[in-house]
Amino acid sequence: MKKKLLFLIPLFLILTQCKKDDDDPEYVIREYSEQVNVDHQLLEDYLRTHTFNYEDFVNQINVDVKIDTLTDFNSSRQSLYDLANVKTINVTDSNGDNVSHNLYYIIAREGLNEKPSVADSVYIAYDGLLTDGYVFDNRKFPIWLDLANSLEGFREGVSELKTGNFTENSNGTISYTSFGVGIFFMPSGIGYFENTSSGIPEYSPLIFSVKLMTYTPTDHDNDGILSIFEDVDGDGKPFGDDSDGDNLWNMYDVDDDGDGILTINEIDKNNDNVIDDSNNDGTPDYLDPNN
Ligand SMILES: [Ca+2]
Ligand SMILES: [Ca+2]
Ligand SMILES: [Ca+2]
Ligand SMILES: [Ca+2]
């Protein structure tokens with residue numbers, strides 16, 4: 001275990017040295033295919049050499065995720081690597097190739113109720129840290145975040161959690177219980193990649209622990225179709241889907257087929273609560289420029 005922990009140090013130095021390339025006018029952004037293997041190695045070394053307070057999540061109390069190094073004194077504990085699931089996410093390289101990225105994730109507590117979609121707004125408390133332990137963001141009290149505008153690794157992780165229960169207290173505040181808690185470990189390609197952000201160096205793998213209090217199904221363009229259902233190609237994500245080719249994704253486009261009739265006025269003209277498909281060709285009217 002100790003040997004692997006030492007391996008983290010030289011690898012981090014390599015990353016820091018590469019950062020100096022910033023001053024070089026010839027600086028070229030790395031390819032995802034090149035960076036992803038470095039990041040996977042760094043993350044897997046981290047996962048194998050760390051653990052967390054998983055016992056605390058067996059009952060339903062409100063506890064924080066505490067990540068700790070595995071040492072000779074606690075080596076019988078399960079490592080993060082033992083506990084992690086992997087979700088693969090494709091990112092397109094400059095030559096058009098799909099590069100598979102691993103989102104390593106641990107569901108510390110599943111939660112009880114619904115999962116948000118990757119395009120919904122979530123009410124969450126979270127910590128964000130680097131593999132060297134530096135905490136770059138900390139939200140002890142929950143805030144609303146739009147997953148559609150969040151890092152890909154972040155929204156793919158948070159959408160694996162379920163909400164819990166809430167009760168309104170006599171003073172008007174709300175208490176949340178039994179909500180989902182997760183820990184997400186992402187290579188930089190589904191994080192900030194070459195960008196720096198509040199103390200995060202470029203090409204940094206990121207770690208987030210997240211508590212999901214509640215969420216709101218979100219319709220970004222208010223056209224009557226929830227953003228997650230504006231996923232025309234059916235890949236589970238509405239990002240990049242653009243039926244009329246006007247460079248405005250359907251989730252932000254109030255006239256999805258570009259026929260001059262607003263989607264909201266085309267969905268259900270006869271008010272029977274069924275989405276209209278006048279010519280029965282399988283394409284609903286709001287996506288069919290000829291209807
Ligand atoms: Ca919509
Ligand atoms: Ca469009
Ligand atoms: Ca739309
Ligand atoms: Ca239309």
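Biologist: Which residues coordinate the calcium ion (ligand 1)?
Modeller: Asp219 (OD), Asp221 (OD), Asp223 (OD), Ile225 (O) and Glu230 (OE) do, at 2.1 to 2.3 Å. Donors are N, O and S atoms within 2.8 Å of the metal (3.2 Å for Na, K and Ca), and water is not among the atoms, so sites may look incomplete.

Biologist: Where does this all come from?
Modeller: It's a predicted model: local features need pLDDT of at least 70 and side-chain atom pairs count only at pLDDT 80 or more, while totals for chains, interfaces and linings use all residues. Residues are numbered from 1 along each chain as its sequence is written, chains are lettered from A and ligands numbered from 1 in the order in which they are written, and side-chain values use heavy atoms, leaving out hydrogens and water.

Biologist: How far apart are the calcium ion (ligand 1) and the calcium ion (ligand 3)?
Modeller: They are 4.2 Å apart, and Asp221 coordinates both.

Biologist: So is Asp221 buried or exposed?
Modeller: Asp221 counts as buried because its relative accessibility is 9%. Buried means under 20% relative accessible area, exposed over 50%, and partly exposed in between (1.4 Å probe, protein chains only). Ile225 is buried too, with a relative accessible area of 6%.

Biologist: Why does the pair Glu230 and Asn250 tie together parts of the chain?
Modeller: Both lie in the segment after S10, so the pair ties together parts that are 20 residues apart in sequence. Glu230 and Asn250 are both buried.

Biologist: Zooming out, how many helices and strands are in the protein?
Modeller: The protein has four helices and ten strands. These are DSSP runs numbered from the N terminus: helices are H or I with at least four residues, strands E with at least two. Along the sequence, the pattern is α-α-β-β-α-β-β-β-β-α-β-β-β-β.

Biologist: How many of the residues count as buried?
Modeller: Of the protein's 291 residues, 46% are buried. The C-alpha trace spans about 70 × 60 × 30 Å along its principal axes.

Biologist: What order do the strands of the six-stranded open sheet have?
Modeller: S3-S4-S9-S10-S5-S6, with antiparallel pairing. The edge strands are S3 (85-92) and S6, and each of them pairs on one side only. Two strands pair if DSSP finds at least two bridges between them.

Biologist: How many bridges join S5 to S10?
Modeller: Nine join strand S5 (residues 121-129) to S10, and the two run antiparallel. Within that stretch of the model, Tyr126 stands opposite Val210 in S10.

Biologist: What does Lys211 touch?
Modeller: Leaving out residues up to four places away in sequence, Lys211 touches Asn62, Val63, Asp64, Tyr123, Ile124, Ala125, Phe179, Gly180 and Val181. Contact means heavy atoms within 4.5 Å.

Biologist: New topic: how many aromatic pairs does the structure hold?
Modeller: It holds 14. One of them is Tyr46 with Phe185, tilted, at 6.3 Å centre to centre and 45 degrees between the planes. Rings of Phe, Tyr and Trp (its six-membered ring) pair if their centres lie within 6.5 Å; planes under 30 degrees apart are stacked, over 60 edge-to-face and the rest tilted.

Biologist: Why does the pair of Tyr46 and Phe185 tie parts together?
Modeller: Tyr46 lies in helix H2 (residues 32-48) and Phe185 in strand S9 (residues 180-186), so the pair ties together parts that are 139 residues apart in sequence. Tyr46 and Phe185 are both buried.

Biologist: And what about Phe136 and Phe208?
Modeller: Phe136 and Phe208 form an edge-to-face pair, 5.6 Å centre to centre with 90 degrees between the planes. Phe136 is in strand S6 (residues 135-146) and Phe208 in strand S10 (residues 206-216), so this pair ties together parts that are 72 residues apart in sequence. Phe136 and Phe208 are both buried.

Biologist: Last one: which residues form one aromatic cluster?
Modeller: Tyr123, Trp144, Phe166 and Tyr176.
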